[in-house]
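Welcome! Take a look at the structure below, and then we will walk through some of its helices and loops together.

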Amino acid sequence: MTPAEALLQELGVTQPDEIDLEAIAFHVGARVRFRMLCGCEAHIIGCNGAAVITVKSDSSGRRKRFSIAHELGHWRYHRGKRLVCRVDEYRPRDMQSPEKVADAYAADLLMPRYLFQPHARTLGKLSFGVIEALGTAFRTSLTATAIRLVDLDHIPAFIVCHGSNGRRWFARAPTVPRHWFPRDELDPKSSAFGVQFGGRSDDGSVRKVGADAWFECNGAAQFTVLEQTVRVTRDETISLVVFDDRRMLAER
């Protein structure tokens, strides 16, 4: 159990709607306030066991929750250090850094495994509809919820984010072998291409497509994967790519 999950259990949290971040902050010596901020989503200032977390007041409710949880991660791990904190939306970070540590703490606090995984197992086959339902229950963004599902190996899948200039990041389930590496650019055969560039609306359901639309490695053309794509910002889409053929999970 991680420190964030242990803290929730110490406080007797047994349901997602009991994760009260301001109360949790108070329990660990931090006070949360909401103010107009320019250039950042949140910051924390602490001294002698007490801290003030300031959160951008005009952000969405789910963004504010992630910001508070992220700053509590800094309070847990980085007391006494001077950091320039930049709270981005939760997404994979390549390098181990204080921001990545704070993000991981936030994910554990907002979506603790002992609550998240049982909820996920009740919702049926993975799709963005299921992910949105989970996000509503845990009051987390679609992107953060999708990454959490993949990171916890709920199903062998990728979450891949693209912008107008190509792939920006991806998250891979631990059971997916590393030789499956998503293309840098979207392939016109994928439905994601039409959503990103063709003005198409979000995919309403999961579709089957040749795996070579997503992967360049040898043998990709003999398999199919399931995909679904939604737009998350004016310039960004995220795609769910599910491996439904167990042969793709064999190590080379």
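## Before we start

Helices (H or I, at least four residues) and strands (E, at least two) are DSSP runs, numbered from the N terminus.

This is a predicted model, in which local features need pLDDT of at least 70 and side-chain atom pairs count only at pLDDT 80 or more, while totals for chains, interfaces and linings use all residues. Residues are numbered from 1 along each chain as its sequence is written, and side-chain values use heavy atoms, with hydrogens and water left out.

## Helices α6 and α7

The axes of α6 and α7 lie 9 Å apart and form an angle of about 105°, so the two helices are roughly perpendicular to each other. In contact (heavy atoms within 4.5 Å), F128, I131, E132, L134 and G135 of α6 meet L142, T145, A146 and L149 of α7. By class, this contact has six nonpolar, two polar and one charged residues. Here Ala, Val, Leu, Ile, Met, Phe, Trp, Tyr, Cys and Pro count as nonpolar, Asp, Glu, Lys and Arg as charged, and the others, Gly among them, as polar.

Which residues of α3 are buried? They are R65, F66, S67, I68, A69, H70, E71, L72, G73, H74 and W75, where buried means under 20% relative accessible area, exposed over 50%, and partly exposed in between (1.4 Å probe, protein chains only). These buried residues pack against α2 (21-27), β1 (30-35), β2 (42-47), β3 (50-56), α4 (98-110) and α6 (128-138).

## Two loop residues

R139 sits in the loop between α6 and α7 (142-151). Its phi is near 55°, a positive value in a residue other than glycine. At 31% relative accessibility, R139 is partly exposed.

D153 belongs to the loop between α7 and β4 (157-163). Phi of D153 is near 60°, again positive in a residue other than glycine, and with a relative accessible area of 27% D153 is partly exposed.

Key: Axes fitted to C-alpha atoms, helices over the stretch in contact; angles between N-to-C directions. Parallel < 35°, antiparallel > 145°, perpendicular 65-115°, else oblique.
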